[in-house]
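Have a look at the model first.

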Amino acid sequence: DKIDSDLVEELLNESKKLTIPYNNFLAGKIKNEYGFESEKIIKYSKILNSYFDLYLHELSKFKNIEISNFKYEYDGMWVNIQKANEYNPPHNHAGHISFVIYLKIDKSIYYEKNESISSPAGSITFQFLHSNKVNGLQSENLEKIDDLVSPINGHNVVPMVGDIIIFPSYLTHHVESFKSPESERISVAGNIILRKNNSIL
């Protein structure tokens with residue numbers, strides 16, 4: 001989805017004021033990663049929660065699962081200020097769902113020539129490793145082989161400023177580096193725990 005340009009600008013300005021190092025909680029090979037204080041998370045949750053409502057509503061329709069009346073508990077919210085040659089290795093997150101919002105992406109990153117078969121500079125790739133046991137080939141003796149050769153589904157995204165991506169927290173993902181000197185790719189990310197709110201999910 002897309003978030004309002006005014007919110008992008010506000011989050012970008014707020015991100016530049018953050019001083020709490022968050023590197024010890026994250027997998028990224030990124031020097032400048034800072035956490036939001038709880039009062040700021042509460043402030044922005046009042047806006048962001050509507051995006052999670054829509055995400056879960058669409059999932060419930062797609063999977064034909066009834067959900068209603070639950071609340072979101074934020075398990076961290078931070079900014080990644082990615083510079084040349086920095087990257088995020090394959091990792092996943094805590095919580096039930098996670099999100100990332102793109103606040104600044106210098107155009108020079110988009111124009112970098114891809115000199116290998118890897119994904120475009122500064123892009124994010126999601127990968128889902130799943131079992132192949134439903135194909136009728138499984139057996140007690142071949143269980144480990146089934147797991148070994150099970151396929152990986154991948155989806156690559158070249159983000160734009162204002163994009164918000166919401167995804168299951170267990171989903172493995174990584175971010176490509178870029179080489180453009182003096183360029184920045186700034187994003188805000190966070191994790192959400194879903195709690196029952198006087199109702200059964």
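This is a predicted model: local features need pLDDT of at least 70, side-chain atom pairs count only at pLDDT 80 or more; totals for chains, interfaces and linings use all residues.

**Aromatic pairs and their labels**

Tyr-22 and Trp-78 are both buried.

Q: What makes the pair of Tyr-22 and Trp-78 stacked?
A: Their ring centres are 5.6 Å apart and their planes meet at 20 degrees. Centres must lie within 6.5 Å to pair, and planes under 30 degrees apart count as stacked, so the pair of Tyr-22 and Trp-78 is stacked.

Q: Which parts does the pair of Tyr-22 and Trp-78 tie together?
A: Tyr-22 sits in the loop between β1 (20-21) and β2 (32-35), while Trp-78 is in strand β3, so the pair links parts that are 56 residues apart in sequence.

Q: Why is the pair of Tyr-74 and Phe-99 called edge-to-face?
A: The angle decides it: planes over 60 degrees apart count as edge-to-face. For Tyr-74 and Phe-99 the planes are at 75 degrees, with ring centres 6.4 Å apart, so the pair is edge-to-face. Tyr-74 is in strand β3 and Phe-99 in strand β5, so this pair ties together parts that are 25 residues apart in sequence.

Q: How do you know whether Tyr-74 and Phe-99 are buried or exposed?
A: Buried means under 20% relative accessible area. Tyr-74 has 16% relative accessibility, so Tyr-74 counts as buried. Phe-99 has a relative accessible area of 0%, so Phe-99 is buried too.

Q: Why does Asn-88 count as buried?
A: Its relative accessibility is 10%, and the cut-off is under 20%, so Asn-88 counts as buried. Asn-88 is placed in strand β4.

Q: What does the side chain of Asn-88 reach?
A: The side chain of Asn-88 reaches the backbone nitrogen of Gly-28 at 3.1 Å; a polar contact needs N or O atoms within 3.5 Å. Beyond its neighbours within four places in sequence, Asn-88 is in contact with Ala-27, Gly-28, Ile-30, His-174 and Val-175.

Q: What makes Gly-28 buried?
A: The relative accessible area of Gly-28 is 16%. With the limit at under 20%, Gly-28 is therefore buried. Gly-28 lies in the loop between β1 and β2. Not counting residues up to four places away in sequence, Gly-28 touches Glu-33, Tyr-87, Asn-88 and Pro-89.

Q: How far apart are the C-alpha atoms of Gly-28 and His-174?
A: They are separated by 8.9 Å, although Gly-28 and His-174 are 146 residues apart along the chain.

Q: What lines the largest pocket?
A: The largest pocket holds about 430 Å³ of space. It is lined by 15 residues, and the closest to its centre are Tyr-55, Leu-56, Leu-59, Lys-63 and Ile-97. Helix α2 (residues 38-63) gives the most to this lining, with 6 residues. By class, the lining has 12 nonpolar, 2 polar and 1 charged residues.

Q: What lines the second largest pocket?
A: About 330 Å³ of space lies in the second largest pocket. Its lining has 27 residues, with Leu-26, Trp-78, His-91, His-93 and Ala-189 closest to the centre. By class, the lining of the second largest pocket has 14 nonpolar, 10 polar and 3 charged residues.

Key
Residues are numbered from 1 along each chain as its sequence is written. Side-chain values use heavy atoms; hydrogens and water are left out. On a 1 Å grid over the protein atoms alone, a cavity is a set of points where a 1.4 Å probe fits but cannot get out, and a pocket is an open set with protein on both sides within 12 Å along at least five of seven lines; lining residues have an atom within 4 Å of a point. Grid points are joined across faces, edges and corners, and a volume is the space filled by probe spheres set on the points. Helices (H or I, at least four residues) and strands (E, at least two) are DSSP runs, numbered from the N terminus. Ala, Val, Leu, Ile, Met, Phe, Trp, Tyr, Cys and Pro count as nonpolar, Asp, Glu, Lys and Arg as charged, and the others, Gly among them, as polar. Buried means under 20% relative accessible area, exposed over 50%, partly exposed in between (1.4 Å probe, protein chains only). A polar contact is a pair of N or O atoms within 3.5 Å; within protein, one must be able to donate a hydrogen and the other to accept it, and residues adjacent in sequence count only if both atoms are side-chain atoms. Contact means heavy atoms within 4.5 Å. Rings of Phe, Tyr and Trp (its six-membered ring) pair if their centres lie within 6.5 Å; planes under 30 degrees apart count as stacked, over 60 as edge-to-face and the rest as tilted.
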